[in-house]
Amino acid sequence: MARLYADENFSSPVVKLLRNLGHDVLTVKEAGNANQRISDEEVLAFASRNNRAVLTFNRPDFIKLHLLQPDHAGIIVCSEDFDRERLAMRINQAISQVETLKGQLIRVNRPPQSSS
């Protein structure tokens, strides 16, 4: 399964669900990097040094970083979804479809809302 690095604003319940699915997820807090105002560039560098793909809701900044620094261990940008189980399953599905996360930008979008 995947080695992931959840950035500071990523959902703890989704981290737990991903772990239950077999993924190795390290959080910013567990790495001792919480509340230090670490730049997105440093988050990506730390993840890459530790062979982990960044897991983030910060879509705009990490998409830009991917374009500027494509040699990384992977970036997974997610849309916020308050259905945490659905989000974890969508992340799992998205990363299970690629052979390697290295250099990949994976977008996990919230499913469209059904109109009632």
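Asn 35 is exposed, its relative accessible area being 72%. That value and the others here come from a predicted model. Asn 35 sits in the loop that runs between strand S2 (24-27) and helix H2 (40-49). Its backbone stands out too: phi of Asn 35 is near 55°, a positive value in a residue other than glycine.

The loop between S2 and H2 also holds Arg 37. Arg 37 is not a glycine, yet its phi is positive, at about 55°. Is Arg 37 buried or exposed? Its relative accessibility is 85%, and exposed means over 50%, so Arg 37 counts as exposed.

Now turn to the pockets. The largest pocket has a volume of about 210 Å³. Its lining comprises 13 residues. Nearest the centre of this pocket lie Phe 10, Ser 12, Thr 27, Val 28 and Lys 29. Which element gives the largest share of the lining? Helix H1 (residues 12-20) does, with four residues. By class, the lining of the largest pocket has six charged, five nonpolar and two polar residues.

The second largest pocket has a volume of about 170 Å³. Residues from several parts of the numbering line this pocket, among them Met 1, Ala 2 and Arg 3. Ser 48, Asn 51, Arg 52 and Ala 53 belong to the lining as well. So do His 72 and Ala 73, along with Thr 100, Leu 101 and Lys 102. By class, the lining of the second largest pocket divides into five nonpolar, four polar and three charged residues.

Key: Residues numbered from 1 in each chain as written. Predicted model: local features only at pLDDT ≥ 70, side-chain atom pairs only at ≥ 80, totals over all residues. Heavy atoms only, no water. 1 Å grid on protein atoms, 1.4 Å probe; cavity = no way out; pocket = protein on both sides within 12 Å on 5 of 7 lines; lining within 4 Å. Points joined across faces, edges and corners; volume = space filled by probe spheres on them. Helix = DSSP H or I, 4+ residues; strand = E, 2+ residues; numbered from the N terminus. Nonpolar A, V, L, I, M, F, W, Y, C, P; charged D, E, K, R; others polar. Buried < 20%, exposed > 50% of the residue type's maximum accessible area, 1.4 Å probe, protein only.
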